Structures are given as structure tokens and as C-alpha cells.
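Thanks for coming. I will take you through one structure, starting with a strand pairing and then going on to the aromatic rings.

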Amino acid sequence: RGRGGGGFGGGRGGGRRGGFQRSGPEEPRVSSEVQVFVEGLPLHAKIPELVQYFSSVGTIKSDRETKKPRVWLYHDKTTGQPTGECTITYNDNQTQQAALQTYNNQMYQGHPIRVTPSIVKPHMAKPPPKPIGGGGRGR
């Protein structure tokens, strides 16, 4: 008694049951189940070419706002030059697994590439849960 703070779990984020919760900065990083990290790309690689090549195993996830495929090309923070690395986010784990098996240690435009699961914060590792009560029912 005597501590105040009300009923629900107190402290940070207490009482918010369910819903989306971000990972704290101190939480360890984990392997993503839907995203791959690609190394060894030619420095002139462009997103449309990457989308075409890496979507042969399945659908690349689209960004909710821009509707563009979730492909991120990395650039050096100081020089702004491309690093030859990117991340690609697929819709599901099966497609990510197919991408890892299909593209790792292959040649992309004459460059050997390495494809591994991305290392992400825990809340980003799994695909988002499907909305409950979505469309497609009710006949």
C-alpha cells in the first residue's frame, strides 16, 4: 500500500494491454523473419532493378504511405555515396526464406552478393498481425 500509481501495472507502459509496443533501446537485436540484408551490390544499383530481381521469389512488401516497395539502399552518412548494401522487406517468412536460399552467394550484375536475415529491434522482427474482422467474409 501507500505507493499510489493506480491499479494497472504502474511504471512505463503499464496497463496498455495488446496493441503495438515498440522495443526499448536496450533490448537486444534479433533476426528479422521478413527482411533480408544484401551486401556486395554494385554502387550504381537502383531500386527498380533491385525490385525486379528480388521479387522473383515472391512479393516485396509495399510501404503503407508511399505504396512503393520496401527496399532501402544504404548510403555513407558522411559522403552520401552508396555503400552497395540494402534491405528488402517481404510480405511473409516463407518468401524471406526463399530469398535467402535463392540469392545468397549469387551474382548480381557481375557482383557476388551476400543475403542474410536483417538484424532488427524485436518489435520489427515479425510481420504485423493480420487485422481482426477484416473484409472478405459475410456471404
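**Strands and rings**

H75 has its bridge partner in β3, and that partner is P82. Keep in mind that this is a predicted model. The strand β3 covers residues 82-89, runs antiparallel to β2, and is joined to β2 by four bridges. Between these two strands the hairpin has six residues, and G80 there takes a positive phi near 80 degrees.

Now the rings. How many aromatic pairs does a search of the whole structure find? The search finds six. One of them is F37 with Y74: the ring centres are 6.1 Å apart and the planes stand at 70 degrees, so this pair is edge-to-face. The cut-off that matters here is that planes over 60 degrees apart count as edge-to-face.

Where do these two residues sit? F37 is in strand β1, residues 30-39, while Y74 is in strand β2, residues 71-75, so the pair ties together parts 37 residues apart in sequence. Y74 has a relative accessible area of 30%, so it is partly exposed.

Next, Y53 and F54. Their rings also make an edge-to-face pair, with 4.9 Å centre to centre and 80 degrees between the planes. Is each one buried or exposed? Y53 is partly exposed, at a relative accessible area of 26%. F54 counts as buried, because its relative accessibility is 0%.

Last item: Y53 and F54 belong to a cluster, linked by ring pairs, that also takes in Y103 and Y108.

Methods: Residues numbered from 1 in each chain as written. Predicted model: local features only at pLDDT ≥ 70, side-chain atom pairs only at ≥ 80, totals over all residues. Heavy atoms only, no water. Phe/Tyr/Trp six-rings, centres within 6.5 Å; stacked < 30°, edge-to-face > 60°. Buried < 20%, exposed > 50% of the residue type's maximum accessible area, 1.4 Å probe, protein only. Pairing = 2+ DSSP bridges.
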